[in-house]
Amino acid sequence: MLFELIAARYERRSLMITANQPFGEWNKVFQDPAMTVAAIDRLVHHATIFEMNVESYRRRSAIGRKNKADRQSDDESA
């Protein structure tokens, strides 16, 4: 479904995508290697790529919530 969106918007409209995986890891997203290459090719053609090597806010928040829940369950079992 993601590939269809990318293909439909290719050279017609703007498309902004955020990802927490580099392009080299996108074979985990698309099952077919040829589809992976085609999707990346369409995305990077005429693209401006902003690479931000910073800690993910969502990941940090999720870890904080998990740690808080773990502490609460430890307190209840003690």
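Modeller: Gladly, and let us start with phenylalanine 30, which has a relative accessible area of 5% and is therefore buried. The term buried means under 20% relative accessible area, exposed means over 50%, and partly exposed lies in between, with a 1.4 Å probe and protein chains only. Before going on: this is a predicted model, in which local features need pLDDT of at least 70 and side-chain atom pairs count only at pLDDT 80 or more, while totals for chains, interfaces and linings use all residues. Residues are numbered from 1 along each chain as its sequence is written, and side-chain values use heavy atoms, with hydrogens and water left out.

Colleague: Thanks, that helps. Where is phenylalanine 30 found?

Modeller: Helices here are DSSP runs of H or I with at least four residues, strands are runs of E with at least two, and both are numbered from the N terminus. By that rule, α1 covers 2–9, and phenylalanine 30 is found in the loop between α1 and α2.

Colleague: Which residues does phenylalanine 30 touch, not counting those up to four places away in sequence?

Modeller: A contact means heavy atoms within 4.5 Å. With residues up to four places away left aside, phenylalanine 30 touches Leu2, Phe3, Ile6, Met35, Thr36 and Ala39.

Colleague: Let me pick threonine 36 from that list. Is threonine 36 buried or exposed?

Modeller: Threonine 36 is found in helix α2, residues 33–44. Beyond four places in sequence, its contacts are Trp26, Asn27 and Phe30. Its relative accessibility is 7%, so threonine 36 counts as buried.

Colleague: Now the rings. How many aromatic pairs does the structure hold?

Modeller: Rings of Phe, Tyr and Trp (its six-membered ring) pair if their centres lie within 6.5 Å; planes under 30 degrees apart count as stacked, over 60 as edge-to-face and the rest as tilted. On that basis the number of aromatic pairs is two.

Colleague: Why does the pair of phenylalanine 23 and tryptophan 26 count as it does?

Modeller: The ring centres of phenylalanine 23 and tryptophan 26 are 5.2 Å apart and their planes meet at 65°, so this pair is edge-to-face. Tryptophan 26 also pairs with phenylalanine 30, at 6.2 Å centre to centre and 45° between the planes, and that pair is tilted. Taken as one aromatic cluster, the members are Phe23, Trp26 and Phe30.

Colleague: Is phenylalanine 23 buried, exposed or partly exposed?

Modeller: Tryptophan 26, its ring partner, has a relative accessible area of 6% and is buried. Phenylalanine 23 has a relative accessibility of 35%, so it counts as partly exposed.

Colleague: Which ring does the charged end of arginine 42 sit over?

Modeller: A charge sits over a ring if NZ of Lys or CZ of Arg is within 6 Å of the ring centre and within 35 degrees of the ring normal. The charged end of arginine 42 lies 5.7 Å from the ring centre in question, and the ring belongs to tyrosine 10.

Colleague: And how many salt bridges are there?

Modeller: A salt bridge is a side-chain nitrogen of Lys or Arg within 4 Å of a carboxyl oxygen of Asp or Glu. Lysine 28 meets glutamate 25 at 2.8 Å, N to O, and glutamate 55 meets arginine 60 at 3.9 Å. Aspartate 70 and lysine 66 have their closest N and O atoms 3.0 Å apart. The count of salt bridges is three.

Colleague: In which helix do aspartate 70 and lysine 66 lie?

Modeller: Lysine 66 has 51% relative accessibility and so counts as exposed, while aspartate 70, at 33%, is partly exposed. They are four residues apart, about one turn of the helix, and both lie in α3, residues 57–77.

Colleague: Finally, the whole chain. What is its radius of gyration?

Modeller: The chain has three helices and zero strands, and its C-alpha atoms fill a box of roughly 60 × 25 × 20 Å along the principal axes. The radius of gyration is taken over C-alpha atoms, and the globule rule is 2.2 Å times the number of residues to the power 0.38. A compact globule of 78 residues would come out near 12 Å, but the chain has 19 Å.
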